Amino acid sequence: FLQLDHSSPRGLFAAKSAQFLALVFFGLTSMGEVMSVTFNERTVYYRERAVSTYSSVVYGLAIVLSELPYLLIDSLVFSFIFYWAVGLSRDWGWFFFWVLVFFLYVTFETLMGILLVILLPSQCLAEFFGLAVILLLSLTCGWTKPGPLIPIWWKWFYWTNPLQYAMNAMETS
């Protein structure tokens, strides 16, 4: 995927493939990392909630706010290397738009991992459902099967799929 030629259909397909793989891989690793940390912190939360130290809203907000700086720095470093290595548009405006879309999608995957750990009783079950969610997002994002060819009973998932919107936004850059 190094310095792709965007003048041919093959080069455009390879660039889109690289962006798809970057989104899915980075989303999957971010979800996996946050699941183990959140699961380990869950016992502390139960203890603190039992003695009414702080409310659930404050705890949830603290988790989200503590993840954002890490996600932003991680997204910037990865995007800076990936975007220029693949040879996407040399315009800085498109680069920062690409970083924004990438950051928002990775944030979505991270928050989905936190939600699954909070809702499900074990880390193993949360990881299983996390993989199922990423699989469904990948299958219905329009990459493996174009949007018009997705079966009618999965169309609703296609139109509510954040990966599909991230892929479409990244195609413009």
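**Notebook: rings and cysteines**

I started in helix 2 (residues 56-86), where Phe78 and Phe82 sit 4 residues apart, which puts about one helical turn between them. Helices here are DSSP runs of H or I with at least four residues, strands are E runs of at least two, and both are numbered from the N terminus. This is a predicted model, so I kept to its limits: local features need pLDDT of at least 70, side-chain atom pairs count only at pLDDT 80 or more, and totals for chains, interfaces and linings use all residues. Residues are numbered from 1 along each chain as its sequence is written, and side-chain values use heavy atoms, with hydrogens and water left out.

Next, the rings. I searched the whole structure and got 26 aromatic pairs. Phe78 and Phe82 are stacked, because their ring centres are 5.5 Å apart and their planes are at 10 degrees. For pairing, ring centres of Phe, Tyr and Trp (its six-membered ring) must lie within 6.5 Å; planes under 30 degrees apart are stacked, over 60 edge-to-face, the rest tilted.

Cut-offs for relative accessible area: buried is under 20%, exposed over 50%, partly exposed in between (1.4 Å probe, protein chains only).

I also looked at Trp154 and Phe157, an edge-to-face pair at 5.9 Å centre to centre with 90 degrees between the planes. Trp154 is partly exposed at 30%; Phe157 is buried at 15%.

Last, cysteines. I found 0 disulfides, meaning cysteine sulfur pairs within 2.5 Å. Cys124 is exposed at 61%, and Cys141 is buried at 5%.
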